[in-house]
Every structure is written in C-alpha cells, then in structure tokens.
Amino acid sequence: MQLKLWGWRPALAQTIGLVLMFSPVAALAVASGTTPQGPTGQSPVARLIKAVNARTRLPAPMVSKTVWNGLDVDGDGASDFVNPTGQAPRLLDAFGYGEFGASRDGGSRQHEGVDYTADADQAVAAPISGFVTKIGYAYGGDDSLRFVEITNPALGYVARAFYVDPDVLVGQAVRLGETIGTVASLQSHYPGITDHVHLEVMKSGERLNAETLIVARTIKVKARTANG
Ligand SMILES: [Zn+2]
C-alpha cells in the first residue's frame, strides 16, 4: 500500500519524510525555501556540524621544545642573557666538542667559549645589553671571520660573539636580543664543521661558561597542525 503511495523511489521519499518528521526546523526550511538563521548567525545545520566536530576533535598532539632562559643576575626580574642563535650548543664533530672547556689542539688548550649551532646568514642576537666596544678578527690573515664585543659596565660583563658579520658599529648601544649581525659561514676556514657562533663571556677578567648563564629548559607545546 505504502509502496504504491510513494511511487518509484520509496526509500528516498521515506528518508525525506523521516527527516521532516523529526526536524521541525529542517521542515520549516524546506517549506519556506530558506535556511533559518539561529541567534549566532549560523544555520542549525552548521551549528550541528560544529557541535559534532567539537565533540570528536582529538586533543592536539604535544611536542617537546627547548627554550633558553637567561639568568637574571641583577635581580630586576628580567633575563640578562640571550642565546645568540636560539640553537643548541654544538655537539661533537670532526673539530671537537663545542662546550666550554673542551679539549683543543690535542689537549694543549681548552675551548674558551660555547659554540651555539647556527645557520649561515641567520641573524645573531646580542647576548647581553651594553655597548659595542670592539669589532675584531677571529684569526690573523682571515678578514672574513669577525667578532663583536659588547660590554655592559653596569653588570660588569663582557661578551664576544665570534663569526658574525656585524650590522653594528663600535660605540653603539645594543639591547639584549637585538640583532647585531648575521652568521658567517665557517666552511672556508674549517671545512665540514657545524656552523656556529662562538660565544665568550667574561666577568672581572675571568671567562665564564655561557651554558651556566643561558640555561636550556624543555617545555611541551602543541604541535603545529595544517590548520595552524
Ligand atoms: Zn668555539
């Protein structure tokens, strides 16, 4: 009886009938030929889809990220040191370790700075605030590799960032983290070495381990998704 009534597509017709029966809003929409807008300006269907999506959305995956915390040596509540490249200290390569005190020249001397891994041409951040007190050459006979020395008279620290093409001049004031130049590639001087900024920090004439002033901390952050 019903089959004859609904004609030749009974299943589809029944489905439409059921939807109209159980959804007065949808029925209204079909009847009026418009899609009614809810108080939020979204159609009921859009709101339904949104609600279902919200319930089925998986928690964003978390990933580990390293951040660098500069010590606050004057107690003003702000860091006084910044990682010049934002990257980790260089590990072992054919030229040795990049850490402070690492063996050099077969043990006859020690590494007097910390090598922060870098990409050639990336920006170099001022490791301390202060004045540019010197721009010099890292090696005699090679004028492609320079260092920038910054002195902070108030704190009593001096920092030298090596292998930097400077964007600053001697006498210039620089703020902590401000770009002081770009990373010079070391490949012509040390073929195969991990490019880096060699950072030396001194206080009262004594060389300090920059890794005790710029401390690595691992945090968990939401992984980036395709949707941003
Ligand atoms: Zn070094």
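**Exercise 1. How are the donor residues of the zinc ion spaced in sequence?**

Start with the ground rules. This is a predicted model, where local features need pLDDT of at least 70, side-chain atom pairs count only at pLDDT 80 or more, and totals for chains, interfaces and linings use all residues. Residues are numbered from 1 along each chain as its sequence is written, and side-chain values use heavy atoms, with hydrogens and water left out.

Step 1. Read the pattern: H-x3-D-x82-H.

Step 2. His111 (NE2), Asp115 (OD) and His198 (ND1) coordinate the zinc ion, at 2.0 to 2.1 Å. Donors are N, O and S atoms within 2.8 Å of the metal (3.2 Å for Na, K and Ca); water is not among the atoms, so sites may look incomplete.

Step 3. Aspartate 115 sits in strand β4 (residues 114-117) and histidine 198 in strand β12 (residues 196-203). The pair links distant parts of the chain, 83 residues apart. Strands are DSSP runs of E, at least two residues; helices are runs of H or I, at least four; both are numbered from the N terminus.

**Exercise 2. Are aspartate 115 and histidine 198 buried or exposed?**

Step 1. Recall the cut-offs. Buried means under 20% relative accessible area, exposed over 50%, partly exposed in between (1.4 Å probe, protein chains only).

Step 2. Apply the term. Aspartate 115 is buried, and histidine 198 is too.

Step 3. Turn to the whole chain. Buried residues account for 31% of its 228 residues.

**Exercise 3. How many aromatic pairs does the structure hold?**

Step 1. Know the rule. Rings of Phe, Tyr and Trp (its six-membered ring) pair if their centres lie within 6.5 Å; planes under 30 degrees apart count as stacked, over 60 as edge-to-face and the rest as tilted.

Step 2. Give the count: 6 aromatic pairs.

Step 3. Classify one of them. Phenylalanine 81 and tyrosine 157 have ring centres 5.1 Å apart and planes at 80 degrees, so the pair is edge-to-face.

Step 4. Locate this pair. Phenylalanine 81 lies in the loop between β1 (62-70) and β2 (103-104), and tyrosine 157 in strand β8 (residues 157-162), so the pair ties together parts 76 residues apart in sequence. Phenylalanine 81 is buried at 3% relative accessibility. Tyrosine 157 is buried at 8%.

Step 5. Classify another. The rings of phenylalanine 162 and tyrosine 163 have centres 6.1 Å apart and planes at 65 degrees, so this pair is edge-to-face.

Step 6. Find the cluster. Ring pairs link Phe95, Tyr139, Phe147, Phe162, Tyr163 and Tyr190.
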